[in-house]
Amino acid sequence: MLSDIDSSSNKMEIRLPPGPRGSWLPTMQLIRNPRAALEKWAKEYGDPFLLNALNGPVVVTGREDLIRTIHGQDPGIYAPFATPTIIPLMGNGSMLILEGEPHRRERRLMMPMFHGDRMKSYGESMQQCSTEQFEVHRDRAKRARDNNIVTLELMTDISLEVIVKTIFGGNERELATKLMDASRKVVACSSPLLFFSRKTHLPFFGFSPWDRWRQAKKELFLLLDEVIEKRQQSKSASDDILSMLCLATYEDGQSITREHIYSELMTFLFAGHETTALSMTWAIYHLHNNKAALSSLRKELDSLPDDSPSSLSTATYLKATIQETLRIHPILTETLRKLKSPLQLGDFMLPVGMAVAPATVLAHHNASTYPDPELFRPERFIERSYSPFEYMPFGGGHRRCIGAAFASYEMAIVLGTIIKRYELELVDSKPVVPKRRNVTIGPSSGVPIRVLSNR
Ligand code: HEM
């Protein structure tokens, strides 16, 4: 709320853009239908506009020049947004709430775990997860007799298995299943309200969303304690991220506490699996709703020498399909930073305490950058390239997603494998629209599909 603003900022200089009045109603509108609300406010009040969200005042923009200004600043002027809400959810060590040098050193330590050869070493396992999970879901659909595979459930199982194997290890089936069940429960207990206001973090005899979240998290952490202890006893080397974190030290030789490790693992679990599953579900939906795009992709996949991870990850049309999916449906509609110093943003002077938000969804639907923005047309990413201030599904600046390369690689392997091997059709002809889940936005249905044949 505006009372959060630092009164020591020189009031004469402060100039805020207009925006919707009140706090509860705009927050509810943003929770319910973020893109419609953001587009309506940008039209009514101009871009940028001021939104008094329940978790603090935010100046929102979808303009390329202003996004460039925001991402071009020294990271020292920003603090993370909504820290009081995130700490009780993710813990003190989450990258999402670290700032300054601790944030930089955390990224330096983690970055190599999600890039280059290390990332590519997960390729085979990603492909194996895709085909095994596809067959599991196909069998389940046959047993249910309707033959419908719910794409979102399939993609969630694939991305969960990938992330569980990558970050927690768990190559043994039984352990992987336990970790997946516990992780699934944590995700299922993440009510959107918990992410929007600390005021919702209230116990109620074990029945409140907050109680359910804490219980699910406790069960996952108990399981992880077990995994670490087993690992320490067996002393066998393992190349999952949990093991790397247990052994890793910062540049000053300091090791990471277990509490801090769990905080980061929760962050990776949250930031990493649902985002990827939702994006892959959208890709399947759009491809099967758009015959031209599907046939161009098939043509490319059929011309590859094989469907190995290295071939799939370099296929041009497949990459453009993934980019177009993330353009049309950014999983986070906006990203936020809180000002520690005043910021001149276009004609406005924003005070300390105010947050700024590049609105990805506004930038990605700007018709002057993306003609016919509602059309799913992967070719636009082959015909031209876009600046990081026009296209930013993974955010930008010093907080750009550290899993961006990993997620793009995983999407190429999973989608490439499934599209190359199976002929599918959508069960339902009803349009699927974006709908809020927690902080993420996903498809309004699970996107049921049917297998027509193996290819
Ligand atoms: C399609 C999948 C994904 C999408 C759309 C996505 C999107 C984003 C976005 C928009 C941000 C915020 C950036 C900002 O504030 O400017 C972010 C941050 C982050 N993401 Fe991702 N992400 C995806 C996958 C992943 C994966 C696979 C991981 C790791 C396993 C991951 C880990 C993170 C982390 C740790 C941050 C916080 C970075 C920081 O604060 O320094 N994400 N992601």
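1. Two strands count as paired if DSSP finds at least two bridges between them. Helices (H or I, at least four residues) and strands (E, at least two) are DSSP runs, numbered from the N terminus. On these terms three strands form an open sheet in the order E4-E12-E9, with antiparallel pairing. Strand E4 (149-150) and strand E9 (422-426) are at the edges with a single partner strand each, so one side of each has no neighbour in the sheet.

2. Basis of the values. This is a predicted model, in which local features need pLDDT of at least 70 and side-chain atom pairs count only at pLDDT 80 or more, while totals for chains, interfaces and linings use all residues. Residues are numbered from 1 along each chain as its sequence is written, and side-chain values use heavy atoms, with hydrogens and water left out.

3. Five bridges connect E9 with strand E12 (residues 448-454) in the antiparallel sense. Glu 425 has Arg 450 of E12 as its bridge partner, and Glu 423 is placed opposite Ser 453 in E12. E4 and E12, also antiparallel, are joined by two bridges; here Ile 149 is partnered by Ile 449 of E12.

4. Strand E1 (residues 49-53) pairs with E2 in the antiparallel sense over five bridges, and a hairpin of two residues links E1 to E2. Asn 52 lies opposite Pro 57 in E2. E2 and strand E8 (residues 355-358) run parallel and are joined by four bridges. In that pairing Val 58 faces Ala 355 of E8, and Val 60 has Ala 357 of E8 as its bridge partner. Strand E5 (residues 337-339) pairs with E8 in the antiparallel sense over two bridges, with Val 356 of E8 as the partner of Arg 337.

5. Buried is under 20% relative accessible area, exposed is over 50%, and partly exposed is in between (1.4 Å probe, protein chains only). Strand E2 (residues 56-61) is mostly covered, with six of its six residues buried. In a regular strand the side chains alternate between the two faces of the sheet. In E2, Gly 56, Val 58 and Val 60 point one way, Pro 57, Val 59 and Thr 61 point the other way, and all are buried. E8 is likewise covered on both faces: Ala 355 and Ala 357 on one side, and Val 356 and Pro 358 on the other, are all buried.

6. Helix H7. The expected span of a helix is 1.5 Å times one less than its number of residues. The 21 residues of helix H7 (residues 123-143) should therefore span 30 Å, and the end C-alpha atoms are 31 Å apart, which agrees. Buried residues in H7 include Gly 123, Met 126, Cys 129, Phe 134, His 137 and Arg 138.

7. Backbone exceptions. Most residues other than glycine have a negative phi, and most peptide bonds are trans. Arg 145, in the loop between H7 and E4, has a positive phi of about 70° although it is not a glycine. With 77% relative accessibility, Arg 145 counts as exposed. Val 447, in the loop between strand E11 (441-443) and E12, also is not a glycine and has a positive phi of about 55°. Val 447 is buried, at a relative accessible area of 2%. The peptide bond from Asp 47 to Pro 48 is cis, with omega near 10°; Pro 48 belongs to the loop between helix H2 (34-45) and E1.

8. Iron site. Donors are N, O and S atoms within 2.8 Å of the metal (3.2 Å for Na, K and Ca); water is not among the atoms, so sites may look incomplete. The only protein donor of the iron atom of the ligand is Cys 401 (SG), at 2.3 Å. Cys 401 sits in the loop between helix H18 (380-383) and helix H19 (404-421).

9. Surface patch. Phe 204, Phe 205 and Phe 207 make up a nonpolar patch on the surface, with about 440 Å² of accessible area together. Phe 204 is in the loop between helix H10 (192-196) and helix H11 (209-234). Patches are made of residues with over 30% relative accessible area and no salt bridge, where like charges are joined within 9 Å and nonpolar side chains (Val, Leu, Ile, Met, Phe, Trp, Tyr) within 5 Å. A salt bridge is a side-chain nitrogen of Lys or Arg within 4 Å of a carboxyl oxygen of Asp or Glu. Accessible areas come from the Shrake-Rupley method with a 1.4 Å probe, and for residues only the protein chains shown count as cover.
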